Amino acid sequence: MRELAEDGYSGVEVRVTPTRTEIIILATRTQNVLGEKGRRIRELTAVVQKRFNFPEGSVELYAEKVAHRGLCAIAQCESLRYKLLGGLAVRKACYGVLRFIMESGARGCEVVVSGKLRGQRAKAMKFVDGLMVHSGHPASEYVDTAIRHVMLRQGVIGIKVKIMLPHDPTGKSGPRKPLPDNVQIMEPKDEPLPTQPMSEQKGGKPDQPPAPAAQPVQPVA
């Protein structure tokens, strides 16, 4: 993760098949992850294979570009980290990240920066925009969270980014399942207009069929 932080590392997917293990690295700058003529991805493959004792040729590393960079908490957390390392003011950096996330289509966003921001006294600053759920099952489905630490001259500063993803029926930019309190108003159905007066019986008892006529009894001889 530290190795790929500068290349917009945004998470990893692991797919295990009977023959081999595929590791897909999600990043904003995939060309940097691959390296010149694929040299860096081969080096990373060798490191992973040696570190986790994979058999020769049983692990493959791929690089995939993040589809929605503004809706990825890890990517935005790393972006804010490099802004602070570059010497940008905390408030300006946080508002820039907040605006970019909301313009990308997020339902809500929360950025918390804590540490020795100005002076020797440590404090926390929170920047919030839009809607954010904090409890229940939607908090685990809809909220993407990332935490990073910035080593500055005055000490360590902690960054926490929370993004509330939008509802997406396709499942590409957000969860397929809508929020539990979401109310959808359906359009009324078109009813055919009557062309002539008519009466319709509702709620009454149906007409009883007429009783069969009594048969005359023949006298017994």
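Visitor: What makes valine 14 count as buried or exposed?

Guide: In this predicted model, valine 14 has a relative accessibility of 54%. Exposed means over 50%, so valine 14 counts as exposed. The residue lies in strand E1.

Visitor: Which residues form a nonpolar patch on the surface?

Guide: Val12, Val14 and Val16 form that patch, with about 280 Å² of accessible area together.

Visitor: What stands opposite valine 12 in E2?

Guide: Isoleucine 25 does. E1 and strand E2, residues 21–27, pair in the antiparallel sense over six bridges. A pair of strands needs at least two bridges, so the six bridges here meet the definition.

Visitor: Which strands stand at the edges of that sheet, and why?

Guide: The sheet is open, with three strands in the order E1-E2-E3 and mixed pairing. Strand E1 (9–16) and strand E3 (59–65) each have a single partner strand, so one side of each has no neighbour in the sheet. On average, neighbouring strands in this sheet are turned by 20° against each other, direction ignored.

Visitor: Where does helix H2 lie?

Guide: Helix H2, residues 39–51, lies across E2 and E3, and runs at about 135° to E3.

Visitor: What is the phi of lysine 37, and why does this residue count as buried or exposed?

Guide: Lysine 37 has a positive phi of about 55° although it is not a glycine. You will find lysine 37 in the loop between helix H1 (30–34) and H2. Its relative accessibility is 75%, and exposed means over 50%, so lysine 37 counts as exposed.

Visitor: What about asparagine 53: where does it lie, and is it buried or exposed?

Guide: Asparagine 53 lies in the loop between H2 and E3. Its phi is positive too, at about 55°, although it is not a glycine.

Visitor: How many bridges link E6 and E7?

Guide: Ten bridges link E6 and E7, in the antiparallel sense. The two strands form a hairpin with two residues between them. Leucine 152 has glycine 155 in E7 as its bridge partner.

Visitor: And how many bridges are there between E4 and E7?

Guide: Strand E4 (residues 108–115) and strand E7 (residues 155–164) pair over seven bridges, in the antiparallel sense. In E7, valine 161 is the bridge partner of valine 111.

Visitor: What makes glutamate 78 and arginine 148 a salt bridge?

Guide: Their side chains meet at 2.8 Å, N to O. The limit is within 4 Å, so the pair qualifies as a salt bridge. Glutamate 78 lies in helix H3 and arginine 148 in strand E6, so the pair ties together parts that are 70 residues apart in sequence.

Visitor: Are these two residues buried or exposed?

Guide: Glutamate 78 has a relative accessible area of 4%, and arginine 148 has a relative accessibility of 12%. Buried means under 20%, so glutamate 78 is buried and arginine 148 counts as buried.

Visitor: Which residues do salt bridges join into one network?

Guide: Shared partners join Glu78, Arg81 and Arg148 into one network. Arginine 81 forms a salt bridge with glutamate 78, the closest N and O atoms being 3.3 Å apart. Arginine 81 and glutamate 78 are three residues apart in helix H3, so about one helical turn separates them.

Terms used:
Residues numbered from 1 in each chain as written. Predicted model: local features only at pLDDT ≥ 70, side-chain atom pairs only at ≥ 80, totals over all residues. Heavy atoms only, no water. Helix = DSSP H or I, 4+ residues; strand = E, 2+ residues; numbered from the N terminus. Axes fitted to C-alpha atoms, helices over the stretch in contact; angles between N-to-C directions. Contact = heavy atoms within 4.5 Å. Buried < 20%, exposed > 50% of the residue type's maximum accessible area, 1.4 Å probe, protein only. Patch = residues over 30% accessible without salt bridge, like charges linked within 9 Å, V, L, I, M, F, W, Y side chains within 5 Å. Areas by Shrake-Rupley, 256 points an atom, 1.4 Å probe, with all protein chains shown as cover.
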